[in-house]
Amino acid sequence: MYKYISFIVLMSFASFTQKTNAQTGKRKPLEMGPVKKVVPPQVYGKPGTVQNVDTTSKQINEEINNSEIDLQPDKTPVYELPTPVEEQVKKKKKKQSAEYKEEKEAEYLKRQKEIEAELALEKNKSDSKNLPLVWDIENCIQYAKENNTQISEAELNNRLAKLMLQQSKDSRLPIVNADASLGESYGRSIDPTSNQFVTKGFLYNTVGVSSQALLFGWFQKKYKIEQSELDQLASNYAFKQLKDDISLNVATGFLRVLLAREQIKVNQEQLKLTQSQYAQTKKFVDAGKVPELNLLQMAAQLSGDSANVLNAQSDEAIALLQLRALMNLDYDKRFDIKTPYVQVEDHANSYLSKTPEEIIDIAIENQNQTKVNQYRLLSAQKTLEIAKANQYPQLSIFANLGTNFSSNVKNISGQTYEGETTIGNINVGGTSYPLTTPRYSYQTRTTPLFNQYGDNIRANVGLSLNIPILNGYAARTNIQRAKIGLVSQQLKADNDKLKLKQEIYSAYMQAKVALQKYFASESAQKSAQKALNYAIKRYEIGMISLYEYTSSVNTLNTSNANLIASKFDLIFKLKVLDYYLGNEIKL
């Protein structure tokens, strides 16, 4: 009796276990001594469709074993689940051929044509400057050079240096000045014409011309001209250096836009994949294969991917605004950039084939800032020579020519006899006779202006010797200041040269690290892609949980973002080397 009851209970428990395994999809056969170990059939997809788990797993394992093993730089074999195998092998071979490069170029050209086609609709709205509708990096840099406010200010400084040079050359000419005065005098004063004191008011006028020229001043003029020439050259190279700095800044902004667009593409592809998996998960939930929680988790993943796309689009818009600001381009103008094709490996190998010392030698020879420091150092030496020349005597020649007019100068224009005037008596022979003199009245007029000018001409010429004896030690102080300025400029040139070497060493090492990081990110991205391919297959047959699948998706997202960031970081580091080598910045 008890044996029959025990047997019935045992069979009921076995039946319940088989039913539970059929619903959960777990492969856990019963282990009961004499009972045969059999894996119960599992139902996938639509009810009534029966697949054998062992058979499916066996097929997957055979595909894995037959797939090609790709050894990464770290010698770790990474397996790729073909989807299908033939297509993956074909894609891999295609990447290793020249067709892959042509395909990538065609992709970028297609994107460029799409942008141009979109903007061609607004061609009639372009302004009078005929600005391009789609800008490449050369257009952006050229426009920034022509419109950036800092460059405009530097151009004004360059023009000022040219004016100072011209003024230094013109200072060798004699100084010629003319003067004139017109006034009326009252009370007791000296008549400028007669140099006599007069008390009657009069009108006066003086004109004159004076000239002076330095005959010998210990080459002060010569040193000043040479210094102005050096200052003008330094200003010219500073102007070029600023253009190079603006070019690098614009290139950085341009690469920032390209980076944002690549992030948009990656996030959009990830969003498409998540949407596809969301639809697949919904089918599984409807079929009762997975719980509804999986669908909710997948919906959360879908929302996060959508937010990533929006964030990437926002980053692109901000990057375009920043590039506009660097170019000083009006915000009301339509603006978009071309997406060039860049093969970073080839560029990296060509740059990193040089040693840092070779790059430093080229930079010292070509860098505009180095030339600026050289010319400013020579200018400081001329300042010292000018200060030394100021402590010696100076010989000059001078000349003056002048004349004057006064209303007191009169000419007699006529006279009238008015009779005789007795002035005394004379006794002749005892008889007294009166002495008389005729009396006249005169009519006068002021001597004409030009007649006085001709009568009163005066001129002088001479030599002047100026000997500095004691001027509050100003000359000695100026010499000491010039020496301090010379040493200060030498220290600045040395510091800039040392800083240039440090920056080149740093840029070179950063470029090498960026290249290694790019290769590592590329390897990690391939591994993450293969891992996701496995995860997709296993998730579709229920071999992994949603958490494991989303973890693979997030790992691929991170690896894609790291790959794009490392790629553009490497491009930027190479453009920095271009900057130091004096090459034109372009993509």
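**Group meeting: a first look at the chain**

Of the 587 residues in this chain, 33% count as buried. Buried here means under 20% relative accessible area, exposed means over 50%, and partly exposed lies in between, with a 1.4 Å probe and protein chains only. This is a predicted model: local features need pLDDT of at least 70, side-chain atom pairs count only at pLDDT 80 or more, and totals for chains, interfaces and linings use all residues. Residues are numbered from 1 along each chain as its sequence is written, and side-chain values use heavy atoms, without hydrogens and water.

The overall picture. The chain has 14 helices and twelve strands. These are DSSP runs, numbered from the N terminus: helices are H or I with at least four residues, strands are E with at least two. Take contacts (heavy atoms within 4.5 Å). Among those between residues at least 6 apart in sequence, 76% join residues at least 24 apart.

Now the inside. The largest nonpolar core has 51 residues. Such a core is a set of buried Ala, Val, Leu, Ile, Met, Phe, Trp, Tyr and Cys residues joined through side-chain atoms within 4.5 Å. Cys140, Leu323, Met327, Phe335, Ile337 and Tyr580 touch the most other members. Several helices supply at least two residues each, including α5 (137-147), α7 (220-287) and α14 (546-581). A second, separate core has eleven residues, among them Met298 and Ile544.

Which residues does Cys140 touch? Leaving out residues up to four places away in sequence, they are Trp135, Val250, Phe254, Leu323, Met327, Phe335 and Ile337.

Next, helix α10. Pro356, Ile359, Ile360 and Ala363 are buried there. They cover an arc of only 100° around the axis, so they sit on the same side of α10. That arc is taken from the directions from the helix axis to the C-beta atoms. Asp361 and Glu365 are exposed on the other side. The buried residues of α10 pack against α11 (368-389), α13 and α14.

Gln227 is found in helix α7. Is Gln227 buried or exposed? Gln227 counts as buried, because its relative accessibility is 8%. Its contacts include Ser379 and Ile386.

Last, the surface. Tryptophan 218 lies in the loop between β8 and α7. Its relative accessible area is 34%, so Trp218 is partly exposed.
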